Amino acid sequence: MRETVETKAVRGVFGQSGGGILMNRNNIQFDNHDSRIRYYELLLERDLKEIPYFPLPEGYAFVFYQPGDRDQWIAIEKSAREFTDDAQGREAWSRYYGQYEDLLPGRMVFIENEKGEKVATGTAFYDVFGRDKSGDGWLHWVAVRREYQGKGLSKPLISHTLEIMRGLGYTHAKIPTQTTTWLACRVYLDFGFRPVPDNALHSREGWSIIKALTHHSALESFAAASMDEILA
């Protein structure tokens, strides 16, 4: 699956129990990170006022990045199907965080289970490639281990990471994603994120796919895509 540096930077894997599979009305099962879905880049935004609060389930805790946590980060992202192997993870780490590791202890967060195992991660960051001149915060690399999806971790993770972002002085946040991670997109819409106007125009077909797969009320202005338009 090809991804640009912008869309690859920030994603979520927020499956339902049973591996994130959802049956759509045409009886075709789509998973998150599903390459059968036609690929479009999507970009969402919202201000950082009145961030919805979701508490962690009992037995879990938030911790910040500490030096040496890179491999744990890679393991989570690989489990969530962001990477196919460790080498791909190391390359991504180098590209996004290699020169910014000193910033991560106050920006990258993990969720640990009661055994102290890291099972989810998200980062309150910015566009490291300098394309976004707005000064907005960017939510980076949100992921939950595959076996922990459906346990109520994704919304507390997003809420907590956005609070970190606000504490760093940001007033507005952006989240790039794509049609192939439609379940994550649904969570972002639930959180009050909405399509960036330019992206809504240029990726209208992509938003129509999200409308068809999620039936989300925030996408009333988009027509639902047909199955032929959804499938790559």
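Helix α4 (residues 154-167) packs against helix α5 (residues 182-190) at an angle of about 55°, the axes being 11 Å apart; axes are lines fitted to C-alpha atoms, for helices over the stretch in contact, and angles run from 0 to 180 degrees between N-to-C directions. α4 is therefore oblique to α5 (under 35 degrees is roughly parallel, over 145 roughly antiparallel, 65 to 115 roughly perpendicular, and the rest oblique). This is a predicted model, in which local features need pLDDT of at least 70, side-chain atom pairs count only at pLDDT 80 or more, and totals for chains, interfaces and linings use all residues. Residues are numbered from 1 along each chain as its sequence is written, and side-chain values use heavy atoms, leaving out hydrogens and water.

**Helix contact**
- Ser154, Lys155 and Ile158 in α4 meet Val187, Tyr188 and Asp190 in α5 (contact means heavy atoms within 4.5 Å).

**Sheet**
- Helices (H or I, at least four residues) and strands (E, at least two) are DSSP runs, numbered from the N terminus.
- An open sheet of seven strands has the order β4-β5-β6-β7-β8-β3-β9, with mixed pairing (strands pair if DSSP finds at least two bridges between them).
- β4 (61-64) and β9 are at the edges with a single partner strand each, so one side of each has no neighbour in the sheet.
- Strand β3 (residues 41-47) runs antiparallel to strand β8 (residues 172-178), joined by seven bridges, and Leu42 stands opposite Thr177 in β8.

**Helices across the sheet**
- Helix α3 (residues 86-97) lies across β5, β6 and β7 (137-144), at about 160° to β7.
- Helix α7 (residues 204-214) lies across β3 and β9, at about 75° to β3.
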